[in-house]
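Me: Hi! I'm new to reading protein structures. Could you walk me through this one?
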Amino acid sequence: MIKNRKLLALLAIVVLLVAACAEDPTPTVEPVEEPTEEPVEEPTEEPAEEPPEEEMAGPINIGGIHPLTGGLAADGIQMDNAIQMAIDELNAAGGALGGVEFAYLGADSTGAAEVGQTEAERLIGEGAVALICCFQSAVTSNVAAIAERDGVPLVIDVAVADAILDQGHTYTFRLQPNATSMGVNGAQFLAELAENSGEEISSVVYLYEGTTGFGDSVRAAFVEEAANLGIEVLEEIGYAPFEVTDLTTEMTRINSLEPDALVVTGYYNDGLLAARNAEEVGLDVKVVYGIAQGTYDQPQFVADAGDLAECFYDSNYHWDASDPAAQEVRDSFQELYGEEMRTSAVLAYQAMYVIADAIERAGSADPAAIRDALAETNYADHILPYSGSITFDDTGETEVASPVVMQVQDGQIVQVWPTDLAESEPLFPCVSWGE
Amino acid sequence: MKISRNRRWILAGIAAVVLIVLIALNGDQFDQWMDQNGVVLRQAFVTGILIGGVFGLVAMGLTLIFGVLDIINFAHGALLTIGMYITFVLFDRFGIDPYLAVLITVPLLFLLGGIIQRTIIYPARNAPAHNQLLLTLGLALFIENLMLVVFTATPRSIRLSYGRGLTEIGPLAIDFPIRIAGTTITLTKLAAFIFAVFLTAVLYLLLQRTTLGKAIRATAQNKEGARLVGISTDRISLITFGLGVACVGAAAALVLPFLSVDPLVGNAFNITAFVIVVLGGMGSIPGALLGGLIIGLTQELGVVFAPSSTKLLGVFFVFILVLLLRPQGLLGKKE
């Protein structure tokens, strides 16, 4: 039957397409296009040089781009809400530049790089003078290229890939530790934790999500640093985070390699699956140690996995749990939106404050002036677990950015390393299914 | 059966590669390799078969719908997501065990399938195939986003109070997870497999032995002819679509104990289900089960032989191979 043939061909094409689309495109570095002949609608409202007392035509527009739909929407929606919350707080406290209010322009990247890029163009066209984005590295690299081209500053709340700031962008700044910092600090912290308990970690297996670029970049940094620390990486096992339905075979394989520790990098669902399957197989390791793992530092992990969650480590970006101000922010978020505030949302919230601080110092809402002020940022009043004020280096990275190690202890996520941020002693070695 | 010259060359090529690999792995090396990887290989087989049974059940619904309605249902995965959320709510709100919930999700999704067929598929029955395909794709997007609004993107999962340690099943008391020769078999996956195979058998018998089954098969073979002998093909189409969707209703309840649900979880099954349907032969029920087992095994064996790649590599390799060598599928009808 000819019809069958046609259908089959059609089906084959669509299956491959869907498969390709199901995963994030790898970060495509957009060549910076030549500027369109007419300058993109300049934010018309403010004559930049006017003294701040002068009544301004409109609010200061801040754009935010996050995945509000799709597989990462749980984080994206929280981040969007967190920026709105920060703006409401700032406006309630009198806005900026002597009484001008902030307005939030939120956009949905849908998790796709090209959509994020168009949305960035749209927001800038609608008058956004600064952007906060994106939660995904692939989306962020495209948005950063637009920000650079149109001369609008971008503060990255969450996006891990080093490459984003390797392009020599001058308008892009990042709050969270990058992949290198995650991997390198992750490896160092693991060695320190072992030493602290008089144990040794001489070999690990690395299990990572291998399709969105995030897992792979953290893994690469870890592997390099592990070699310096004398930790042997026995094997690196990749999986597709949005398609994986079982990791039992992987866990059995890891068991047969007899590593001292299992290191995991990935998203929430696959991290939970890995934890469950590790327990089922009775994984024989000293610790399971997440790096930039989206599961093991989430209260939801404890709710979903119960006792099994005990002992799991995660070296990740976080809010400063030892700072009461951070708790206040998280409490008001919970009150407003009925959900426990995730770390990603805390960073989005923080990004808004860093921008507000820059606008105040710039004395103007002109994007170029904001960029210059951002470059001079020295922001001490933050709620992140960084040892000192937020300052940006020449490439735009936060100089003091560093992950912190958390562990599930008695159903609570507690910071355990480094010692100056620790809320509790690390338990090491420790797995919940140990005898 | 005539094999074209091209295909013969491809087959010969594959045989040669296999031979070379076998020769390269002489006895000693093979033993050594088995020492290291034997347990992983065994686990891959066990997991592959268990998960393959569930894949087969999902694919069966898809293949049934295709066989009778000539429609490639892209909303299949999304419907699985609905089934999983229904099971989740039943467990979370009413404390209904997911295995018991099968009795609720199956009729519910049968009903939902019927409604979808009547309101969306039926009016477009005379449209070209690709229009119908896009229709189901649109339906899938709609369902995904509806689930996003209703349940948010936060992943949900359930935890059974049993299934760890000594568990009594009727007269038997089995210590879960079962460990045989280094492999691990959990209650949740074993139960999913057994139920899935059982339901496959029921569906197969229904198609082979009952009048309704005969009518469905008649409609699949020749719509005109079926109509001529007095079968209401419209009604059969409705029932078949309902049955196909009911299959994912069952699968949904069976996988929830070991897989968390979010609005996009169906995608994970969608892709494999399509590959399985093509592999097993479009429209063939036993083909779906066979294809499910093969894809399950392929996926897991990938972990043994190519751990740094994702599991889908092997699956797509098989997919392409089937399209090249046997486009009608393993158990498909010849054209």
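This is a predicted model: local features need pLDDT of at least 70, side-chain atom pairs count only at pLDDT 80 or more; totals for chains, interfaces and linings use all residues.

Me: Which helix is I104(B) found in?
Reply: I104(B) is in helix 4 of chain B, which covers residues 98–121.

Me: And which residues make the nonpolar surface patch of about 370 Å²?
Reply: That patch is made by L100(B), L103(B), I104(B) and L108(B). Here is a handy general point: an α-helix has 3.6 residues a turn, so residues three or four places apart point the same way.

Me: Nice. What about helix 5 of chain B, how far apart are its end C-alpha atoms?
Reply: They are 33 Å apart. Helix 5 runs over residues 129–151, and at 1.5 Å a residue its 23 residues should span 33 Å, so the two values agree.

Me: Which residues of helix 5 of chain B are buried?
Reply: Among them are L133(B), T136(B), A140(B), I143(B), M147(B) and F151(B). Helix 5 of chain B is followed by T152(B), which has a positive phi near 60°.

Me: Switching to chain A. How many bridges join strand 1 to strand 2?
Reply: Seven bridges join them, and the two strands of chain A run parallel. I65(A), for instance, stands opposite A107(A) in strand 2.

Me: What do those strands make with helix 2 of chain A?
Reply: Strand 1, helix 2 (residues 73–92) and strand 2 of chain A make a right-handed β-α-β unit.

Me: Why is strand 2 of chain A largely enclosed by the rest of the structure?
Reply: Because five of its seven residues, in the stretch 102–108, are buried.

Me: Now the backbone. Where is T110(A), and what is its phi?
Reply: T110(A) is in the loop between strand 2 and helix 3 of chain A. Its phi is positive, about 55°, although T110(A) is not a glycine. Most residues other than glycine have a negative phi.

Me: C311(A) has a positive phi of about 80° too. Is C311(A) buried or exposed?
Reply: C311(A) counts as buried, because its relative accessibility is 8%. T110(A), with a relative accessible area of 38%, is partly exposed.

Me: Last one: which peptide bonds are cis?
Reply: One of them goes from C133(A) to C134(A), with omega near -5°. Another goes from F428(A) to P429(A), also with omega near -5°. C134(A) lies in the loop between strand 3 and helix 4 of chain A, whereas P429(A) lies in the segment after strand 12 of chain A.

Technical notes
Residues are numbered from 1 along each chain as its sequence is written. Chains are lettered from A and ligands numbered from 1 in the order in which they are written. Side-chain values use heavy atoms; hydrogens and water are left out. Buried means under 20% relative accessible area, exposed over 50%, partly exposed in between (1.4 Å probe, protein chains only). Helices (H or I, at least four residues) and strands (E, at least two) are DSSP runs, numbered from the N terminus. Two strands pair if DSSP finds at least two bridges between them. A crossover is right-handed if, with the strands pointing away from the viewer, the path from the first strand over the helix to the second runs clockwise. Patches are made of residues with over 30% relative accessible area and no salt bridge: like charges are joined within 9 Å, nonpolar side chains (Val, Leu, Ile, Met, Phe, Trp, Tyr) within 5 Å. Accessible areas come from the Shrake-Rupley method with a 1.4 Å probe; for residues, only the protein chains shown count as cover. A salt bridge is a side-chain nitrogen of Lys or Arg within 4 Å of a carboxyl oxygen of Asp or Glu. The expected span of a helix is 1.5 Å times one less than its number of residues.
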